[in-house]
Amino acid sequence: MNILREFRRVKKRSLPARILLISIFSVILIINTYAWFNSNQPVNMSGLEANITPWDVRYYVDDKEVLDETVTFTIDELYPGMPNREDIVRIYNMSTTSTSINYEVTSVKVFGQEVLDQLKENNIMQTDGNTVHIFADDTEYPFDIGYTYDRARLDGEYVDDETTPNAGATFKFQASWEYQGEGTEDENLARDILDTKFGQGAYEYYQNEENDPSKAIEITVKITSSMIHPSEDT
């Protein structure tokens with residue numbers, strides 16, 4: 001458990017829950033604080049010895065810290081020739097303990113319909129190194145939406161990008177819908193048909209007052225961090 005992240009999340013809970021959680025976290029934080037100043041000394045509690053390692057990772061979207069591990073990206077303006085879209089999540093290691101980062105798509109909704117399982121079954125969502133193409137088949141979907149990240153491991157305590165480049169990671173969510181692709185006449189005709197199909201779907205979605213117009217496309221990515229214990233780092 002990332003104790004410092006949990007502390008920042010406590011204020012969202014009810015008053016009784018906050019009192020209980022703060023009491024528990026306070027005891028743990030005292031132990032961690034002691035370990036911080038005595039990192040080379042074993043801690044003895046009731047005859048048990050343990051070395052406690054400080055650890056904290058922080059996530060920022062548009063320079064604002066987020067306390068949840070899931071980040072949801074929504075696209076409201078969806079049409080051929082739409083402006084290219086890019087959202088950035090920055091992840092910082094705030095202690096000297098190495099951290100492993102995992103990125104996982106947990107939900108993909110198109111016009112309010114969940115399609116993640118369909119994308120996986122039909123091999124439409126594909127991974128290429130550090131890049132994930134959520135709609136990789138341009139014969140099925142006319143838009144290009146996916147994400148890329150620069151690293152899945154953080155080492156050292158973050159100071160800034162130049163001083164400690166390995167202590168921070170950048171996750172980029174990107175979306176675009178080109179109006180006309182370069183191809184043969186038949187390929188362009190097929191693309192026009194696909195554009196029309198999804199363009200009509202977008203129009204119908206926006207016309208329905210029960211739909212949230214800001215969520216024509218809604219994609220949720222879970223970004224989790226886990227401590228790499230020195231004994232595991234070989």
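Predicted model: local features only at pLDDT ≥ 70, side-chain atom pairs only at ≥ 80, totals over all residues.
In which strand is Ser176 found?

**View 1. Ser176 sits in strand S13.** Setting aside neighbours within four places in sequence, the contacts of Ser176 are Met82, Asn84, Phe143 and Asp144.

**View 2. Thr170 belongs to strand S13, which covers residues 168-177.** Thr170 counts as buried because its relative accessibility is 17%. Now follow its side chain: a polar contact of 3.3 Å links it to the side chain of Arg90. Once neighbours within four places in sequence are left out, Thr170 touches Ile88, Val89, Arg90, Thr148, Tyr149 and Asp150.

**View 3. Asp62 lies in a loop between two strands.** On one side of this loop is strand S3 (57-61), and on the other is strand S4 (64-66). Asp62 is exposed, with a relative accessible area of 59%. Take a moment to look at its backbone, too: Asp62 has a positive phi of about 55 degrees, although it is not a glycine.

**View 4. Asn123 lies in a loop between a helix and a strand.** Helix H3 (116-121) and strand S9 (126-128) are the elements that this loop joins. What is the phi of Asn123? The angle is positive, at about 55 degrees, even though Asn123 is not a glycine.

Terms used: Residues numbered from 1 in each chain as written. Heavy atoms only, no water. Helix = DSSP H or I, 4+ residues; strand = E, 2+ residues; numbered from the N terminus. Buried < 20%, exposed > 50% of the residue type's maximum accessible area, 1.4 Å probe, protein only. Polar contact = N/O pair within 3.5 Å; in protein donor to acceptor, adjacent residues only side chain to side chain. Contact = heavy atoms within 4.5 Å.
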